[in-house]
Amino acid sequence: MNKKNIVIGILVVIAIALSYVDIIPDNNVVQMLFNIVLIVAGFYMLIKGADIFVEAASKIATKFNIPQMVIGLTIVAFGTSLPEAAISIKGALSGNVGITIGNVVGSNIMNILLILGVASCLAALPIKKNTLKIEMPFVIFVTVLLLVLGMFGDNLSRIDGVIFIVFMALFMVYLVVSAKKGEADDEEGTEVTEKDTMLKLVILVVAGIICIVIGSNVTVDAASFVATKCGMSNRLIGLTIVAFGTSLPELVTSATAAKRGKVDIAIGNIVGSNIFNILFVVGVCAVITPVAFEAAFIKDTVVAIVAAIMLLLCVVKNKKLTKTGGIIMLVSYAVYFAYILYMNYR
């Protein structure tokens, strides 16, 4: 860990520690600025916590001679959805359902229209056969399923959560079968050194989980405060600020990969992330506690469906997402963003 990360880490810990003690002046401007800092600090803890958890858990799995394919399809895949899961579960338990559903739907819209839009403007993104024929239609299907279950029940019940988890299990079986056939993306090996003792790795796993829990608590509480003070609905802040924060890892990874020319799995990773967000994150949230599905989310979920269909149409002919398609997606996201802002403040 370099000095820059250490300094940032110390500042984040100090900011979060201050949130637990009542010493911040009771001034609206000061409180607003402090809560904005807390949102950033919370996102930092979420992302770093997920990174620490995934790396340590992967090394533990390697020590037990678990195949890299299994590690990639389980620990790494679920680990990348931990920020969304932590935020959504915290939101559901605290009654902030706007953040719960908004985070998932907003992240999925942002992943396709913004992240793939930016990445494809840097370099054309080819698409694998399985992603085009199976995974992309499947992400459209599960998004429609989310819309139907939410719209007709006014909430996502525990039974709905079980349905999502069953589909998640089926999707995992598909991934394992594809990997065994050599059709799935290859995962890089997890390197384990002599310094990686079992005790150290277990401590890191626990530390990662603690960071994720604290980060989600701080982020949801601070985001709710800012939403209230700015006249923003929890739905809006879930669709924008929280969704952007939890999608930051995907944005950085995709943009960096595009700049370096490593673009062969970018679309597959984003599509997979969207599937995990709905089936894993929403499924777990609904099983823990029924989640209300506000009428306003019908339009947002329809946008998520349209975004997925738009991506499919953009790649089906040339088997890649070009700069033209990326620009269309970025413009579409700008229009959608302007629309939700207008509807919130009209």
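**Helix H4**

Ten of the twelve residues of H4 are buried, so this helix is largely enclosed by the rest of the structure. Buried here means under 20% relative accessible area, exposed means over 50%, and partly exposed lies in between (1.4 Å probe, protein chains only). The model is predicted: local features need pLDDT of at least 70 and side-chain atom pairs count only at pLDDT 80 or more, whereas totals for chains, interfaces and linings use all residues. Residues are numbered from 1 along each chain as its sequence is written, and side-chain values use heavy atoms, with hydrogens and water left out.

Among the buried residues of H4 are Leu82, Glu84, Ile87, Lys90 and Gly91. Helices (H or I, at least four residues) and strands (E, at least two) are DSSP runs numbered from the N terminus.

**Salt bridges**

A salt bridge is a side-chain nitrogen of Lys or Arg within 4 Å of a carboxyl oxygen of Asp or Glu. By this rule the count comes to three salt bridges. Lys59 and Glu55 form one of them, at 3.4 Å from N to O. Both residues lie in helix H2 (residues 28–63), four residues apart, about one turn of the helix. An α-helix has 3.6 residues a turn, so residues three or four places apart point the same way. Lys59 is buried at 12% relative accessibility, while Glu55 is partly exposed at 47%.

Lys59 also meets Asp196, at 3.2 Å from N to O. This pair links distant parts of the chain, 137 residues apart, with Asp196 in the loop between H7 and H8 and Lys59 in helix H2. Asp196 is buried at 5% relative accessibility. Asp300 and Arg235 form a salt bridge at 2.7 Å from N to O. Asp300 lies in helix H11 and Arg235 in helix H9 (residues 234–260), so this pair ties together parts 65 residues apart in sequence. Asp300 is buried, with a relative accessible area of 0%, and Arg235 is buried at 14%. Shared partners join Glu55, Lys59 and Asp196 into one network of salt bridges.

**Aromatic pairs**

The structure holds eight aromatic pairs. The ring centres of Phe171 and Phe276 are 6.1 Å apart and their planes stand at 75°, so this pair is edge-to-face. Rings of Phe, Tyr and Trp (its six-membered ring) pair if their centres lie within 6.5 Å; planes under 30 degrees apart count as stacked, over 60 as edge-to-face and the rest as tilted.

Phe171 and Phe276 are both buried. One aromatic cluster is formed by Phe138, Phe141, Phe167, Phe171, Tyr174 and Phe276.

**Cysteines and a backbone exception**

The structure holds zero disulfides, a disulfide being a pair of cysteine sulfur atoms within 2.5 Å. Cys121 is partly exposed at 27% relative accessibility, whereas Cys285 is buried at 3%.

Most residues other than glycine have a negative phi. Lys319 has a positive phi of about 60° although it is not a glycine. Lys319 is found in the loop between helix H11 (296–315) and strand S4 (320–321), and is partly exposed, with a relative accessible area of 42%.
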